Amino acid sequence: MRPTRARTTTAAMAAALTACLLSAAPVGAVSSKADEPPDKPLEYVAIGDSFAAGPLIPDQNQLSCLRSARNYPAVAAEALGARLTDVSCSGAKVSDFSGRQFGLLAPQYEALKPSTDLVSVTIGGNDVSLVATALGCVNLLPKPTGISCADTAASKGDPTAKAIDAWSATFGKALDEVHRRAPNAKIVVAGYATYIREDGCWPTQPIWDKDGNYLQARVNQLNGVLAAQSRAHHATYVDTAAVSAGHDTCAAPSERYIEGLVPTSVAAPLHPNARGMAAFGKAVAQAARG
């Protein structure tokens with residue numbers, strides 16, 4: 001017996017209603033975005049040395065590490081709306097990631113967790129004694145009165161250059177350990193800045209032209225190691241040397257991102273000032289978003 005047209009229409013309507021009911025949310029399920037919990041804030045951990053910590057920049061919120069509340073991790077965290085755990089510390093070496101700096105501070109690696117979303121790293125300058133190298137290049141008198149650090153390095157086979165190359169594998173292992181402890185995190189490596197422009201600016205900065213070129217070459221060499229190891233170990237490199245080009249220690253005081261041997265704003269010599277930290281933090285935040 002064939003169904004009538006009315007019965008067919010009724011059956012079709014019932015099937016459609018059943019499909020609609022089956023597609024609805026089950027009892028107890030979240031049915032609207034208004035009922036969902038707010039997004040979890042980004043968990044951001046900053047590890048590293050004084051380039052990250054910001055010695056002497058107001059406001060210092062961790063005196064044993066000379067860490068500023070206006071350093072690049074703080075700037076990046078604010079831009080990202082992230083919850084920041086900053087354990088960067090002036091004077092840090094890679095060994096302080098796994099050991100107690102000054103014999104007191106917790107190893108920086110301990111701040112990393114499986115829930116960490118973002119890690120920023122700046123390290124290496126103390127491992128290869130860049131500050132000591134820079135201080136060895138100071139000449140208060142014009143050429144030829146004094147000793148060229150570039151000539152001295154060349155006569156000894158450039159131990160600083162050799163130390164940078166030898167340190168490369170150490171940094172790669174550090175990145176692997178960051179990945180192991182924070183397997184879900186994006187790692188952003190911030191390099192070191194342009195400290196002095198080509199041929200320097202003696203006597204504004206008391207470093208001869210050839211010595212300024214030598215010193216920045218060693219910084220660039222270290223940055224090359226940081227960039228290469230970042231690529232090899234699944235991290236994103238931020239070129240702060242490019243960000244600070246034209247804002248080095250030879251720039252007018254109001255344009256500097258890096259302070260000279262005699263600072264013109266409240267910051268440590270040969271370190272970023274608050275202006276520089278703002279620029280570097282913006283670059284790190286952009287890299288984190290990317």
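Are α7 and α8 roughly parallel, or roughly antiparallel, to each other? They run roughly parallel to each other, where that label goes to angles under 35 degrees, with over 145 called roughly antiparallel, 65 to 115 roughly perpendicular and the rest oblique. This is a predicted model, so local features need pLDDT of at least 70 and side-chain atom pairs count only at pLDDT 80 or more, while totals for chains, interfaces and linings use all residues. Residues are numbered from 1 along each chain as its sequence is written, and side-chain values use heavy atoms, with hydrogens and water left out.

**The α7–α8 pair**

- Helix α7 covers residues 159-181 and helix α8 residues 209-232; they pack at about 25°, with axes 9 Å apart.
- Axes here are lines fitted to C-alpha atoms, for helices over the stretch in contact, and angles run from 0 to 180 degrees between N-to-C directions.
- Helices (H or I, at least four residues) and strands (E, at least two) are DSSP runs, numbered from the N terminus.
- The α7–α8 crossing is right-handed, meaning the near helix is turned clockwise from the far one by less than a right angle.
- On the α7 side, the contact (heavy atoms within 4.5 Å) includes I164, W167, F171 and L175; on the α8 side, L222, V225 and L226 are among the residues they meet.
- By class, that contact has nine nonpolar, six polar and two charged residues.

**Around α3**

- In α3 (residues 72-80), Y72, P73, A74, A76 and A77 are buried, that is, under 20% relative accessible area, with over 50% exposed and in between partly exposed (1.4 Å probe, protein chains only).
- The cover over those buried α3 residues includes strands β1, β4, β5 and β6, as well as helices α2 (50-53) and α10 (274-289).
- At the start of α3, a side-chain oxygen of N71 comes to within 3.0 Å of the backbone nitrogen of A74.
- Just after α3, G81 has a positive phi of about 65°.

- H247 touches E255, R256, Y257 and I258, leaving aside residues up to four places away in sequence.
- D96 is in helix α4 (residues 95-98) and counts as buried at 12% relative accessibility.
- With residues up to four places away again left out, D96 touches G91, Q101, P107 and Q108.
- The C-alpha atoms of D96 and Y109 are 8.6 Å apart, and 13 residues separate the pair along the chain.

Note on methods
Nonpolar A, V, L, I, M, F, W, Y, C, P; charged D, E, K, R; others polar. Polar contact = N/O pair within 3.5 Å; in protein donor to acceptor, adjacent residues only side chain to side chain.
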